[in-house]
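Grab your viewer and a pencil. Here are some exercises, each with a worked solution.

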Amino acid sequence: MRGIVAAMRVARIITRLNVGGPSIHVANLASGLTAYGVETLLVYGAISPAEGDMSYVLDQLRPLAGAKPGACAMSVPTLHRQVDPVNDARAGWRIYRALCQFKPDIVHTHTAKAGALGRAAALAYNRTAGRQKPARIVHTYHGHVLDGYFGPAKTAAFVGAEKRLASATDRLIAVSPIVRDELLSRYQIGRQDQYRVVPLGFELDVFAGIDDGARVRARETLLIPATSKVVTTVGRLTAIKDHVLFLESAAAIARQHPGTIFLVAGDGELRAELEARAATLGIREQVRFLGWRRDLEVLYGATDVFLLTSRNEGTPVALIESLAAGCAAVATDVGGVRDVVSSTQVGLLAPAGDGVSLARHVNTLLGDHDARRAMGEAGRRMVLPRYGVARLVTDIDRLYRELVG
């Protein structure tokens with residue numbers, strides 16, 4: 001890594017630190033960029049009651065809070081995902097005041113609500129306190145909420161808002177080429193020259209270190225017999241992840257491979273409904289709803305096939321982690337999934353909603369140990385250099401230096 005260069009201040013704003021890739025992403029950037037002379041203020045909002053809390057990622061920032069350059073964090077309780085005009089106005093004002101105090105060179109927003117309020121606050125800051133040295137504005141699309149989340153009227157309103165915000169943004173970052181292309185071609189948000197594709201980056205060493213011994217120990221920890229087949233999914237129990245499709249596929253898999261155990265890591269508003277659905281399908285005893293877990297290396301270590309059934313994805317973090325762990329992968333061909341599963345050597349894809357094809361792919365892999373092993377090794381070789389945190393930090397630092405000269 002090169003030595004520290006001229007100090008830079010970045011205000012990084014995210015809607016909330018719920019369980020998911022964006023939370024890991026912003027914490028990795030805030031801590032990793034300190035070695036490049038970047039001082040970060042990480043602004044975050046409140047999670048919803050049904051969401052998993054990932055605010056523990058702030059632990060890696062606290063030792064740096066008193067250092068310059070370094071990283072510190074600030075909570076804005078009125079910033080949250082739901083549309084709430086009164087609290088949204090309060091959150092926007094609090095962010096604006098924080099910018100006036102911090103005097104950033106760059107304001108970098110992440111996720112939809114923070115992208116709207118954070119960029120509006122940055123524009124207000126540039127017109128007032130920052131007019132002598134305006135901050136450059138960057139927004140990262142970790143995916144988007146323009147497909148599969150809302151009805152036509154609300155989606156059209158969001159598209160219009162994103163178009164207006166894009167016109168006032170210096171750089172738009174997409175986490176995959178597919179996400180960029182959808183935003184440009186399908187929704188006409190932003191201009192080609194504004195976009196940069198910067199894949200996410202994670203600390204993958206804990207998954208890369210999983211070997212045969214670790215797999216044995218993982219099954220012992222989870223009380224899974226050595227001879228059982230295991231199919232796993234990880235994610236919020238919400239409609240966009242389509243766990244109903246996972247359960248329907250599981251029922252078809254269990255008919256061909258009786259005794260298969262299905263691990264569901266995550267929680268959310270649909271948990272009770274999904275547990276009832278598993279019972280209706282006759283597989284309730286084979287499906288383990290584990291809730292939120294921080295020992296994902298144990299889950300992936302016990303897994304034969306990782307199954308992702310989402311209706312939409314930006315960059316599928318759990319899929320990347322499972323590949324780094326050497327798991328064979330099957331997924332729906334949505335959003336940025338194809339950027340990760342780029343060939344049949346790495347994983348097998350099926351159309352969104354196609355439980356028959358998903359089950360067929362999983363059954364094929366469960367019946368062929370050598371194919372599973374080869375696929376897991378190919379996936380690991382692919383993701384480790386492409387999605388490592390060191391590459392992410394270097395890419396973002398280069399982009400920042402281009403912006404501020």
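The exercises below go from a sheet to a helix and then to one residue.

This is a predicted model, where local features need pLDDT of at least 70, side-chain atom pairs count only at pLDDT 80 or more, and totals for chains, interfaces and linings use all residues. Residues are numbered from 1 along each chain as its sequence is written, and side-chain values use heavy atoms, leaving out hydrogens and water.

**Exercise 1.** Work out the strand order of the open sheet and which strands stand at its edges.

*Solution.* Start with the strands, which are DSSP runs of E with at least two residues, numbered from the N terminus. Two of them pair if DSSP finds at least two bridges between them. The 7 strands then follow the order β3-β2-β1-β4-β5-β6-β7, with parallel pairing. Next, look at the ends: β3 (71–75) and β7 (195–197) each have a single partner strand, so one side of each lacks a neighbour in the sheet.

**Exercise 2.** Find how many bridges join β4 to β5.

*Solution.* Between β4 (residues 106–110) and β5 (residues 136–141) there are 5 bridges. As a landmark, Val107 stands opposite Ile137 in β5.

**Exercise 3.** Decide whether Leu319 is buried or exposed, and list its contacts.

*Solution.* First locate Leu319 in helix α11 (residues 317–324); helices are DSSP runs of H or I with at least four residues. Buried means under 20% relative accessible area and exposed over 50%, with partly exposed in between (1.4 Å probe, protein chains only). Leu319 has 0% relative accessibility, so this residue counts as buried. Finally, take contact as heavy atoms within 4.5 Å. Setting aside neighbours within four places in sequence, Leu319 contacts Phe306, Leu308, Ala329, Val337, Val340 and Val341.
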